[in-house]
Amino acid sequence: MCGIVGYTGAQQAAPILLEGLRRLEYRGYDSAGVAVHGGGGIEMVKASGTVERLAEKIDGGAAMHGVCGIAHTRWATHGAPTDTNAHPHLSEHGTFAVVHNGIIENYAALRAELTAAGCVFRSETDTEVVAHLLERSYDGDFLRTVMRTAARLEGSYVLGVLCADEPGRLVCVKEAGPLILGLGIGENYFASDVTALVGRTKNVIYLDDGEFASLTPESVTVYDRTGREVTKTVSRVVWDLEAAEKGGYEHFMLKEIMEQPRAVKSTIAPRLRSGRVELDIGWSAADMASFRRIVLTGCGSAYHAAVAGKYVIESLCRVPVETELASELRYRDPIIGPDTLLIAVSQSGETADTIAAMRECASRGAKVLAIVNVVGSTIARLADEVIYTHAGPEIAVATTKGYTTQLAALYLFAVWAAEGLGRIEKTRYNELVAALSALPARMQRAIDLNTHVRYLAGRWHGQGAMFFIGRGMDYAAAMEGSLKLKEISYIHSEAYAAGELKHGTIALIDEKRLVVALCCQTALFGKMMSNVEEVKARGARVLAVAPEGDRRIFADADDVLFAPKGEELFVAAPELVPLQLFAYYVALENGCDIDKPRNLAKSVTVE
Ligand code: M6R
């Protein structure tokens with residue numbers, strides 16, 4: 001939530017900062033702002049709305065002069081998305097400008113204290129207290145002043161600070177949110193995500209919580225909370241700028257849907273060696289025997305992947321698996337100990353609730369395995385072991401390849417653990433390894449089979465509400481299909497375990513309603529047909545998702561989307577493809593802002 005970027009070097013900062021903001025806009029897009037240090041002090045421009053609006057206001061950056069600056073794109077927490085509430089925030093006398101990602105939890109107390117001391121606030125944000133605290137405790141030492149101020153803050157704060165007295169120098173701090181330093185030649189950067197930097201440098205430093213950095217064009221120095229210098233490793237970003245661009249597609253979401261065969265291959269292929277699943281994690285599969293149960297956690301789509309993963313892991317490993325939303329797990333008093341394996345699932349690796357749930361479980365002795373896309377992210381670094389999904393950068397707010405690669409990683413884990421635990425016959429193991437190897441091609445087939453989704457979207461886009469029903473893994477996929485639709489098209493939709501519908505919700509079914517029925521598991525097909533009959537008897541229209549070539553479905557469904565046949569345990573990934581496309585084309589028909597749906601942000605770094 002919120003993207004920040006900073007630059008210091010020899011070039012004009014504003015155009016570089018704007019470019020960084022454009023690449024970070026998926027993190028928040030209700031307002032934006034830039035501050036640069038020109039010869040005469042700090043100059044600042046802010047705009048409600050998109051980064052493009054800000055760009056127009058400053059003529060693409062040409063209207064601002066200065067070679068050092070900070071910028072921000074906002075997802076509002078405190079105060080409406082107005083020009084005034086947009087970041088950066090200036091201190092009373094303009095000595096400091098601050099950009100912030102996170103929430104200052106004790107801001108009300110700090111604001112009251114500052115107001116009592118005569119400070120006049122301009123905005124409704126929590127961030128403005130930081131600017132005033134900085135100025136009021138300033139003793140001429142920029143870095144130490146930021147450190148002293150940060151020590152007074154509670155909550156999550158990634159801050160970028162510009163000081164009028166020190167042109168060419170930036171100070172930043174990370175506490176519970178992502179912050180990356182980019183190292184150039186004669187220029188340096190900070191940003192919330194490497195996507196903002198990769199067009200300019202591939203050499204980056206991932207900061208840890210409680211670390212501060214001081215940047216000038218020639219130097220980058222990192223300090224811990226006590227002010228001691230810290231030696232950091234410089235990492236090299238492995239992907240290119242094109243991976244973070246639309247590549248000819250109208251939207252990032254469509255591009256990312258189409259990339260799924262390749263992305264799933266990147267998750268699976270490096271881990272299949274000589275007909276075996278090799279995970280390269282610090283435990284042997286046999287160590288799995290020390291875990292009496294597995295808890296899978298995550299938020300949103302990552303949680304939906306966890307639900308699908310539960311079916312697969314339990315079925316193959318015969319270990320009890322529970323799933324729990326991270327936002328619930330963190331505030332319970334969970335019965336979790338050293339015999340629990342927590343699997344935390346996250347595309348961004350920065351989701352605040354997932355991080356908190358991991359910390360909670362780890363403090364009770366659980367071992368933590370993370371399934372994460374973003375390399376070097378907080379969740380990856382907090383976990384005992386990591387399976388990276390290697391999906392490449394995902395820019396659209398609605399996750400697609402992020403989700404299906406999480407499924408692929410969970411499938412790999414399930415097969416690997418089942419073998420280590422001795423719970424799987426060799427023949428079945430070989431079958432599943434072959435099915436994993438075939439999954440990228442099956443994802444491609446799912447795309448190829450569904451060329452008529454656009455036509456169907458044209459037919460159904462006017463619906464006021466929809467229901468998605470399924471059983472078992474189809475239910476897990478229904479949850480994700482439903483979320484995809486509602487988050488980008490704003491059509492109300494709910495997912496139900498198909499057998500549950502008649503326990504109340506069926507009251508909402510009438511002849512206006514479209515029910516999307518996922519019927520991709522052979523053993524449950526008959527049961528699903530009964531549920532389809534039930535809703536049809538109440539006048540609903542049915543859009544079915546069924547195994548490729550299964551003609552039986554035409555007897556009951558009004559329209560059909562096909563999922564390619566293959567190993568049924570792994571069906572959630574290919575059957576989601578037509579539902580992603582359906583959501584995409586419905587949103588397109590309805591004129592929605594697909595890559596940046598209202599009220600959302602890609603990375604939810606506040607609770
Ligand atoms: O980065 P994460 O996987 O931890 O994100 C979790 C959710 O915020 C995310 O999946 C969200 O639900 C997406 N908007 C769904 O498309």
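Contact here means heavy atoms within 4.5 Å. The model is predicted: local features need pLDDT of at least 70, side-chain atom pairs count only at pLDDT 80 or more, and totals for chains, interfaces and linings use all residues. Residues are numbered from 1 along each chain as its sequence is written, and side-chain values use heavy atoms, with hydrogens and water left out.

UniProt positions are given in the numbering used here, feature names are shortened, and annotations may be inferred rather than shown by experiment.

Cysteine 2 belongs to the segment before β1 (3–8). Helices (H or I, at least four residues) and strands (E, at least two) are DSSP runs, numbered from the N terminus. With 6% relative accessibility, cysteine 2 counts as buried, where buried means under 20% relative accessible area, exposed over 50% and partly exposed in between (1.4 Å probe, protein chains only). Not counting residues up to four places away in sequence, cysteine 2 touches Arg27, Gly28, His72, Thr73, Arg74, Trp75, His100, Asn101 and Ser192.

Lysine 602 lies in the segment after α17 (572–589) and is also buried, at a relative accessible area of 12%. Beyond residues up to four places away in sequence, lysine 602 touches Tyr26, Arg27, Gln347, Glu394, Ile395, Ala396, Val397, Ala398 and Thr399.

The feature "domain: SIS" (unreviewed entry) is placed at residues 284–423 and 456–597. Residues 284–423 are 42% helix and 20% strand, and the end C-alpha atoms lie 15 Å apart. For residues 456–597 the figures are 39% helix and 20% strand, with 22 Å between the end C-alpha atoms.

Helix α15 (residues 473–489) has 17 residues and reaches 24 Å from its first C-alpha to its last, close to the 24 Å expected at 1.5 Å a residue; the expected span is 1.5 Å times one less than the number of residues. Of the 17 residues of α15, 15 are buried. Tyrosine 490 follows α15 and has a positive phi, near 65 degrees. The charged end of arginine 598 sits over the ring of tyrosine 490, 3.8 Å from its centre. A charge sits over a ring if NZ of Lys or CZ of Arg is within 6 Å of the ring centre and within 35 degrees of the ring normal. Arginine 111 has its charged end placed likewise over the ring of phenylalanine 121, 4.2 Å from the centre.

Helix α17 has 18 residues and reaches 26 Å from first C-alpha to last, close to the 26 Å expected at 1.5 Å a residue. It is mostly covered, with 16 of its 18 residues buried. Glycine 591 follows α17, and its phi is positive, near 70 degrees.

The structure holds nine aromatic pairs. Among them, tryptophan 283 and phenylalanine 291 are edge-to-face, at 5.8 Å centre to centre and 70 degrees between the planes. Rings of Phe, Tyr and Trp (its six-membered ring) pair if their centres lie within 6.5 Å; planes under 30 degrees apart count as stacked, over 60 as edge-to-face and the rest as tilted. Tryptophan 283 is buried at 12% relative accessible area, and phenylalanine 291 is buried at 8%. The rings of tyrosine 584 and tyrosine 585 have centres 5.0 Å apart and planes at 80 degrees, so this pair is edge-to-face; both tyrosines are buried.

Ring pairs also link Phe96, Tyr138 and Phe142 into a cluster. Threonine 145, in helix α5 (residues 142–150), is in contact with residues including Phe96 and Tyr138, neighbours within four places in sequence left aside. Threonine 145 is buried, with a relative accessible area of 0%.
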